[in-house]
Amino acid sequence: MATKTFEELKQLAIQIRDEKTNKQNTATRIGTQMLEHLEKLEQDYYDKNQTDEELKERDDKLIELSDNVFSPIKEIYVTGVSELSSPTFNFKKKTDGKLYFNATSKGEIIAAGAWGLSDLKDYVVKSYNYQEKGIYFYLVIDAEDIPLDDDNYYSYLPKTNPFNIIENPSIYTYLNVSPKITDNTLSIENGYRKPTFFLNTNLDKYFKVFYIDGLDNEKEYCLRTLRLNEDGESPRYQINIGDDSSSIIQILINVGEISGEIKYGNITARAVLQNTDEIVGNLIFGNTNTSIGTLNKIVCEDIANSPTCKNTALYESILKLKDDIVKDNNIFFNDKLGIGRYIKELYTNGFSEDTEYCLRTFGWNSALNAWQVNIGTSDGSFVEVRCQDSVVSYRSIDNKGKYAAILLENTDELSKDSYLLFGNTDTSLYTINKTQATSKNLNPKICIEKEPFFIDSPYNKYFKEIYIEGLDDKAYCLRTLRWNPDKDGGVVQVTIGDESSAIIETYVYRDNEVSIRDLGTIKAYIVFNGFEEIKNNGGNLIFANTNVNKGSLNRNIVESFVNQPNINTYFINSEIDSLHKYDSVRIPPAYNGYSLPKNPQTLKVLHVGNSFADQPISKLQMWLDALGIQNVIYGIVMRAGGSLQQHLDTIVNDTPYDENSAFRLYKNINGETTYTPNVDPTDKSGSTTTNNQIKLSDCLQFTDWDVITFQQASWASGKWETIEPYLPNLIKYARYYCSNSGVKIGWQMTWAYAKGYTGLSSYNNSQDEMFKEIVQCAKNVCSYYGIDLIIPNGIVVQNLRNVPSSFWGDALNSIRGAEQWTSGTPVSDFTDDGMHPNDIAEYCTSAAFVMLIYGACYNKTIRGINATLGNISGDYAKVARQCVLKAVGDRFNVSEIDVSKILE
């Protein structure tokens, strides 16, 4: 029965009350009582509604009052401290035109700052390094309503969480996009108060940036023309600048673009437009009245107001957060000209921690044919780096390992006619950010690239490896590099020496060989790459150079075997001792990788390895389900205990693996998952199984794989001589057989054995030594074969081992660790048998594959994903994921794992 309204029930009660039957009295009594009861229910209903409305109104008012509680702190973000206890944020606005700030925690001042009131609005400001505590606050402050009081501080609560960068978008923009700087403040792109480039006109709104140089200071100029010029083959925005008689320059910008520039005689002009959809027809045409659209020369001739004219970073989406690390992209503090935009990375090795350094000079030096970057103190220049576009450039300071390395970008925006900065001696301006400059994480390309053998030399490119022993404590350089036709029918002559004389001369007969010169106390070993080029060109590239600051010998690298894997191999194999001093040994070539696909319709990945890959891969589907990743095909070619040499032998000899192998295939298509443990790779449907042994060549041809990963057998994963030459040949064959010519090659760094395990005998029974050698081999793979896709599972497991054992508590037994191989073996070594991963290690190592390949292709991360495996859940899972995320962020170094405050 349908529910009746109050009005319908009233009418029913009246009808009962008034009926004229023999039961009229009963009807009257019942109807009257029913009507009274309904009226009371109705009143209760309205009373409740009124109460609900009053409560809602009160709640809304409370929310409104809460939102309207005044706080000048619009945004706030802190670095250098992990928590704030009973914090206060205190401000004093004084009549001297400045705002003074301090922050306290536990009643102690931890940060302070002072800024001009005129600099605050719409700007990010940064606190001082108070008492060298290393704590910095970034703030967006609206100081208008702070009381003017020379004596008292006023305390306020912030509107945002100082530990959550996402809640502070303007500060996030500043930290991730090279900002403009005005005095001691940093411009926020969203709130940036654009200078006025053209006066007395409403057309200035179309100019985001306008810079001009070379004008006659005695003349007045104006905007003569701004229009959409549709006269040619394609429409363009036309900008003319001139005086009262004629135009002096014209800039044409294609529709669909926003920036353009022109150089005409002594005049250079650059423009970046905005609101271009409103530029239709002639907005102004042929104007000769310089009082209209007057060029604001003071603003337009100051590069500080237009540091970028093609600043694509402003129009691209902001960099996404990488795990829980926000990259501090501050190359310099107080970078008034925005030069940090052009220096992508700056790394210093060996600089004094107690000295303040600044950028002294930056600009094109036509005599050097290079970008000149001088870093120094207030007393003088410390180092001058001569840079080329998009190439890591080095300069030695003492020829003994102290150097600066710089990687430039966006230099096409800069004029080569003048310096952007010259002779700065104020270390409070363009101050080198030491946190940035000494961090390997924040200078990834510099720190991944192999250091040069000869610093500040264009000829370093010809040297693949150099090892020299027997040098005394002097500075050395490349003295001679030339084609010598008189020696043995023609050789490349390489001479090393000091400022007065040559000390050793080596002869190169061909590329990719170890060339040796033994003078008794001094020995040199060189692997060359450029023999034919120098032979064909002939002559002297450099001859009898005595300037040890040019082509400086980088002793930090040439006196270490670690950076000379091929030379090191022959020492280890005792082959060099049997060679004549002019003999050479052949080295196989290397091959580069390609890029990961982005949002592919179907992702196809092949893992070639043994159980150290098979076990993590077996847990991938757990992560794919948790992340919602579908349409993935991944397989593993698994040979038990298989080494690179064994994998290569099956291809070279065209023979199948033995019985301890299989091709396992996983498919996740439209949410339907299938797993086939013994696939016949010759049937490309993947539906046929086989009991016959498989060939690696067939597996490589099975489909057009997007990614193929390799790994070395665990016992040999820290032995470079077992990786070279097998890996480069495997890469060659993978590219030959795979139908995707752009297949991405990856390397899984495996983990060190448990402490006390007998397999450590080849590493001096040291887990630490095995771990270090595994990491070094991964670095070599990265450097020598161009493989930037490193799955850092060796770091992942070592991070797990770095978690305090007390954190796991009694659950450690259920999570399981290594057997007690010796009394010194920690329970929490995270293997089942000294080698193979236990459950939590499988959880983590599979997650690393997801982060670096599967998640990377589909823009997914394991952060905050509640994936569980057995007892691995809750805080255990969070800490496990932290171990993975930190390894992904720093793939060659172990991280501290903080379990006192578990956040995701």
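Biologist: What does helix α11 lie across in this predicted model?
Modeller: Helix α11, residues 620-627, lies across β37, β38, β39 and β40. Its angle to β38 is about 165°. Angles run from 0 to 180 degrees between N-to-C directions.

Biologist: How do you know that β37 and β38 pair?
Modeller: Two strands pair if DSSP finds at least two bridges between them. Seven bridges join β37 (residues 603-609) to β38 (residues 632-639). Therefore these strands count as paired. They run parallel.

Biologist: Which strands make up the open sheet, and in what order?
Modeller: The sheet has seven strands, in the order β40-β39-β38-β37-β41-β42-β43. The pairing is mixed. From one strand to the next, the twist averages 15°.

Biologist: What makes β40 and β43 edge strands?
Modeller: β40 (672-676) and β43 (789-791) each have a single partner strand, so one side of each is left without a neighbour in the sheet.

Biologist: Why is the set of 107 residues called a nonpolar core?
Modeller: A nonpolar core needs buried residues of listed kinds, such as Phe, Ile, Trp and Tyr, joined through side-chain atoms within 4.5 Å. Buried means under 20% relative accessible area. The largest such core has 107 residues, and those with the most contacts inside it are F663, I708, F710, W747 and Y843. Helix α19 (residues 839-857) gives the most to this core, with 13 residues.

Biologist: Which residues does the second core include?
Modeller: This separate core of 28 residues includes L203, I239, I248 and I279.

Terms used: Residues numbered from 1 in each chain as written. Predicted model: local features only at pLDDT ≥ 70, side-chain atom pairs only at ≥ 80, totals over all residues. Heavy atoms only, no water. Buried < 20%, exposed > 50% of the residue type's maximum accessible area, 1.4 Å probe, protein only. Helix = DSSP H or I, 4+ residues; strand = E, 2+ residues; numbered from the N terminus. Contact = heavy atoms within 4.5 Å.
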